[in-house]
Amino acid sequence: MVPLGLIAVDQTVRLQQEVAESNNLSLQALTAEFAQEEREIIKSAFAAAETLALSVPDLATDVERCKSLMGRFIDATEDRYSFAGFLPRDGVMSCASSNLTIDYSANPNFPDWMRRPEREVRVNSFGPVAGSSVLIVSEPVFDDSDVFIGNQIIHVPHDRIDKQFQAKLGERPIDLVTLSAEGEILSASGARETALERLPAGMSIKELIALNPRHIETENAAGQTRLFSIVPVLSDGFYVIGSWDPDGKHTPSETGVLKSLLLTPALFPMLMWLVSLFLIYIALDRQVVRYLRLIGLQMRQFARARVLPEKPDGTYMPHELEVIENQFTQVAEKLLHDEAQLFDAMHDKDVLLKELHHRVKNNLQLISSIISMQIRRTANKTTAAALQTVNRRVTSMATVHQTLYQASELGRVQASDLLRDVVKPLTELAPTSAPVPKIDISLDSVVLYPDQAVPLSLLTVEAATNALKYLGVDKKGERWVKVSLEVLDDLQVCLTITNSISDDSTEFEDESTGLGSQLIRGFARQLECSPQITEGEDSYEVSITFETLPFEAEDRALSGVYDEG
């Protein structure tokens, strides 16, 4: 038993050393993970501030609109941020998410904030809105002439970062503290008031963050021996310090008693067999099972976030498992590369399509301007009226292309918004004599491909133009026009334009060239339907019913017709 005991003791000592090294690596990996998470929080805040900074120059003179923008942003991101505002160079912040006007000009640090237009991260121990310590992210704002006009400010409450730390740690006996290079506590997994006591005793903050390598075993201010790991969040700015008890000296007393009992010499012969089984289990776990778990974790992380964690240093994976991991890594990298190329191609396509619609809209507006100039120079009223009709059609087509290039998704057009944009400018065609005409627009929410949205809008323009041009007085002495877009079922949509007429009204064709009716029929053919004309005693109605094109299978969530209920 002595040789077996010596072998067992030797193996136990080696196992403890490996466990200690594994614990060190685990602490460093976990600390780096939390540093990465806090780094992503700061990056996300910078990205949000940069996005808001793009809109601030246009709203700088309109405080109410600027306040509304900041308020909507905080309402949408209240789980991450507590405050957003624009700090101009004069120091008086009126554009803020809260109904506060804050004067920073008397702050002794204010000149430094405005001296250099660059990104900054600061700490405020008492945020004016959150009422607690906040992380202040500052993004410079420039006007159209690239002149620095102030900073876009976003507050990230520290307590929300603390909650993320605590939720992630769970019951693990690990302590995490985030601090700045000046020693300010940003976040902590435990009570913030005792965070400094849990850091190494007798070491300044600069000495602590200057450690190389970035881990040390020493006592904290409470006299406990802890293993500390330091990972930078931002270079020369903020650091995450993780610590735990490497030897279990400060674990509950029950664990210490059990450990002493197991190491008693009298029990050693009886426990040899159990220890051998335990060592076999540990060896199997360390050589096979834990690497399988590591590979499984990499696969899950890649599937969830498309990120492959790096393999910890100092591990010796069996060759067969290493081949599997390398193959998976190669396949994953190839997949990431292919996805990146696909996203780039899709982005380029969207940019080109938007540029195309933008240029077409600009060219149509240029044509409209030329026609308007010609109208002003034309003395013949008939010619001017004809040119005015052409100009309205060109303007309507320009509106269609403007809607297309402003759409968030080029493959889908909200037909109700498009029709409302092209119909409203036509109301000036209505006769100005009494009674004043009533314009009733009722449009259901319908999403169409551009191939259907364009002819539908142009048909609506022609039909609405005719309705307003030949508007009459009905039996009640009223003049009115109704434009409706109604959803009949999942794919059927009906467009109806109805106007009042007088008893002595003549046919539309008697006073026109019939071009409008020809265009209506032509646009209806593009929608694979025919216009239906219904003439009552005091009303004239043009309607079409067509089927919307179905979207792709992966876009079922955005079907052709929206259910407002």
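Helix axes are lines fitted to C-alpha atoms over the stretch in contact, and angles run from 0 to 180 degrees between N-to-C directions. The model is predicted: local features need pLDDT of at least 70, side-chain atom pairs count only at pLDDT 80 or more, and totals for chains, interfaces and linings use all residues. Residues are numbered from 1 along each chain as its sequence is written, and side-chain values use heavy atoms, without hydrogens and water.

Helix H8 spans residues 319–377. Helix H9 covers residues 381–406. Helices here are DSSP runs (H or I) of at least four residues, strands (E) of at least two, both numbered from the N terminus. The axes of H8 and H9 lie 8 Å apart, at an angle of about 160°. The two helices are therefore roughly antiparallel (angles over 145 degrees). Their contact comprises 13 nonpolar, 11 polar and 2 charged residues. Nonpolar means Ala, Val, Leu, Ile, Met, Phe, Trp, Tyr, Cys and Pro; charged means Asp, Glu, Lys and Arg; the others, Gly among them, are polar.

Gln406 belongs to H9. Its relative accessible area is 51%, so Gln406 counts as exposed (over 50%, with a 1.4 Å probe and protein chains only). Gln406 and His358 are separated by 48 residues in sequence, yet by 8.7 Å in space, C-alpha to C-alpha.

Strand E16 (residues 480–487) pairs with strand E14 (residues 438–443) in the parallel sense over 6 bridges. Pairing requires at least two DSSP bridges. E16 also runs antiparallel to strand E17 (residues 492–500), with 7 bridges. A hairpin of 4 residues connects E16 to E17. Leu485 is the bridge partner of Leu443. Leu485 also stands opposite Leu495 in E17.

Key. Buried < 20%, exposed > 50% of the residue type's maximum accessible area, 1.4 Å probe, protein only. Parallel < 35°, antiparallel > 145°, perpendicular 65-115°, else oblique.
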